[in-house]
Amino acid sequence: MALLRRKSKAEPCISLVPLLVTTVTTPPAELHVVRTAIEEAGYTIIGTPYDAVDLAEDRERFAGLLRAHGLRPPAWAMAESGADAIRVANEIGYPVLIRPSYVLGGRSMRVCYTDEAVAQVPVHGRVLVDRFLENAVEVDVDALCDGTETYIAAIMQHVEEAGVHSGDSACVLPAPGLSPAQTEEIQRTVRILGRSLGVVGLLNVQLALTGDGEVYVIEANPRASRTVPFVSKATGVQLVAAACRISAGATIRELGLPPERPPRQWSVKAAVLPFARFPGSDPVLGPEMRSTGEVMASAADLPTAFAKAERAAGRALPRSGSVFLSIRPAEKMASVPIAATLLGLGFKLLATHGTAETLAAAGLEVEPVRKLSEAVDDEPTVVDLIRRGRCDLVINTPEGQNARSDGYAIREAALSRRVPCITTMSGAAAAVHAIANARAEEAKSLQERIDAETRTA
Ligand SMILES: Nc1ncnc2c1ncn2[C@@H]1O[C@H](COP(=O)(O)OP(=O)(O)O)[C@@H](O)[C@H]1O
Ligand SMILES: [Mg+2]
């Protein structure tokens, strides 16, 4: 979509025109053709200038802009061929994330830990190689900018770590895990980006916060993001209306927006994932976006909002029954407190042998179950148990995405039986916290929530 203003008329006529190209997925040369055609027809594009999209999307130009302002992207370089990608990956250091430029939804993105993995990535033309930030907290920011001043509408924290596409991860508003210093650094970064990109309208910025306290800019999108409706409903600030007025010439000050502050109520956006409709698909989350929709829920506390959002997304969390755990080696220890909480809540624990050993060594009562590849006559495997309805929740953090792996068979069984299946430790921690603490809540309309949110304290 583009907002166009007719040049020749004294009274400007503004039209909203759906363009057949999207700015993000279209290379600059083709965009230039569209822009020229629009101008020759007697219109100008109003709002964020066309060049801001190229500045944000062209990695070399964007990195230059970040450098000029002392901001940091994850270490990166371009590669021209498969062999070059391996050389670059070794220079940057593993793990790396490889992707083509000008893509949307994380399409064709691959996380690689070894030369062999990089060698399997098809390289057509130039690809971007990024240092993949492990265990980083991902943050999404939606803001308005009038070319000079930036209004930060929301800082959202993803439930799953960076590496799960922002379209697939659950996200929480206000961000529960940010220190005041991190919040300040995020705000400073977004204001610099708004001004230096020259955004006139909406701006979305994605950032990753690593354990050592660094704030990295993953990307800036000088346009409306998918979180805009979520933020508008959670905060009561109509971002689209405000952005249209800014595009038409109003300043942030003239809009009289409420003060920037985290909302009082908790809101959670959860992805609606289509796996159940595609028999044989693997519900593992990664940098390639797979969601087909999203839901939101708000409540007075985070666990209640999270439980409501999961229920609305079709993955209602169980309150009792059996939980099956199969955790990759690097995360086995981290699964102990989660399993202990579940046991304390009265759940029965089932686990594959390796996971069961870790949990039993920590003093937890757990029943080991055979994987499909360990099947012996008569004894049910985990897949049999899931199919027979003996599991109410599956927590499986996969080692890789091998379609023949046991993990795949477990996740596939959970999907076909419609058992909620969680594939990240962060997602599992949020779910267990919600199971333990969600409260029955009085139903409220969105209007009642927004009234409560915007009422001045
Ligand atoms: N360097 C990185 N380290 C870790 N995760 C990353 C990195 N870059 C991107 N990601 C993950 O991949 C997802 C998609 O990348 P992004 O640059 O936002 O592309 P898109 O244009 O598809 O939104 C992000 O939401 C984030 O979870
Ligand atoms: Mg993104």
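## A buried serine in a loop

Ser 169 sits in the loop that joins strand E9 (150-158) to strand E10 (171-173). The model is predicted. Ser 169 is buried: 27 other C-beta atoms lie within 10 Å, and 20 or more count as buried. Setting aside residues within four places in sequence, Ser 169 contacts Glu 138, His 158, Val 159, Glu 160 and Val 164.

Gly 427 is 258 residues away in sequence, yet the two C-alpha atoms are 8.7 Å apart.

## Domains

The protein chain divides into four stretches: domain 1 (2-46), domain 2 (75-131), domain 3 (137-263) and domain 4 (317-437). The centres of domain 2 and domain 4, taken over C-alpha atoms, are separated by 33 Å.

## The ligand site

Where does ligand 1 lie relative to domain 2 and domain 3? Both domains give residues to the shell around ligand 1, so the ligand lies between them. The shell holds 21 residues. Pro 74, Leu 133, Ala 162, Ser 166 and Pro 287 are the closest.

Three strands each supply at least two shell residues: E7 (127-131), E11 (200-209) and E12 (215-221). By type, the shell has 11 nonpolar, six polar and four charged residues.

## Helix H4

Helix H4 spans residues 82-92. Its buried residues are Ala 85, Ile 86, Val 88 and Ala 89. Seen down the axis, they fall within an arc of 165°, so they line one face of H4. The face turned away from that buried side carries exposed Ala 83, Asn 90 and Glu 91.

Several elements cover the buried residues of H4. Among them are strands E4 (76-79), E5 (96-100) and E6 (110-112), along with helix H5 (115-119) and strand E7. Just after H4 comes Gly 93, with a positive phi of about 100°.

## Helix H12

Helix H12 runs over residues 353-361, and Thr 355, Ala 356, Thr 358 and Leu 359 are buried in it. These residues cover an arc of only 160° around the axis, which puts them on the same side of H12. His 353 and Ala 361 are exposed on the other side.

What do the buried residues of H12 pack against? Their partners are strand E15 (322-327), helix H11 (335-344), strand E16 (348-351) and strand E17 (367-368). Gly 363 follows H12, and its phi is positive, near 90°.

## The nonpolar core

In soluble globular proteins, nonpolar side chains tend to be buried together. The largest nonpolar core here has 116 residues. Ala 85, Leu 144, Val 268, Leu 349, Ile 386 and Val 394 touch the most other members. Ala 85 is also one of the buried residues of H4.

Leu 144 shows such packing in detail. Not counting residues up to four places away in sequence, Leu 144 touches Tyr 151, Ala 153, Leu 202, Leu 239, Ala 242, Ala 243, Ile 246 and Ile 252.

## Val 190 in helix H6

Val 190 belongs to helix H6 (residues 180-197). Val 190 is buried, with 25 other C-beta atoms within 10 Å. Leu 207 is 17 residues from Val 190 along the chain, with 9.7 Å between their C-alpha atoms.

Terms used
Residues are numbered from 1 along each chain as its sequence is written. Chains are lettered from A and ligands numbered from 1 in the order in which they are written. This is a predicted model: local features need pLDDT of at least 70, side-chain atom pairs count only at pLDDT 80 or more; totals for chains, interfaces and linings use all residues. A residue is near a molecule or strand if its C-beta atom, placed from the backbone, lies within 6 Å of it. Helices (H or I, at least four residues) and strands (E, at least two) are DSSP runs, numbered from the N terminus. Ala, Val, Leu, Ile, Met, Phe, Trp, Tyr, Cys and Pro count as nonpolar, Asp, Glu, Lys and Arg as charged, and the others, Gly among them, as polar. Domain bounds come from an automatic or database domain assignment. A residue is buried if 20 or more other C-beta atoms lie within 10 Å of its own, exposed if 12 or fewer, and partly exposed in between; C-beta atoms are placed from the backbone. The arc is that of the directions from the helix axis to the C-beta atoms. Two residues are in contact if their C-beta atoms, placed from the backbone, lie within 7 Å. A nonpolar core is a set of buried Ala, Val, Leu, Ile, Met, Phe, Trp, Tyr and Cys residues joined through C-beta atoms within 7 Å.
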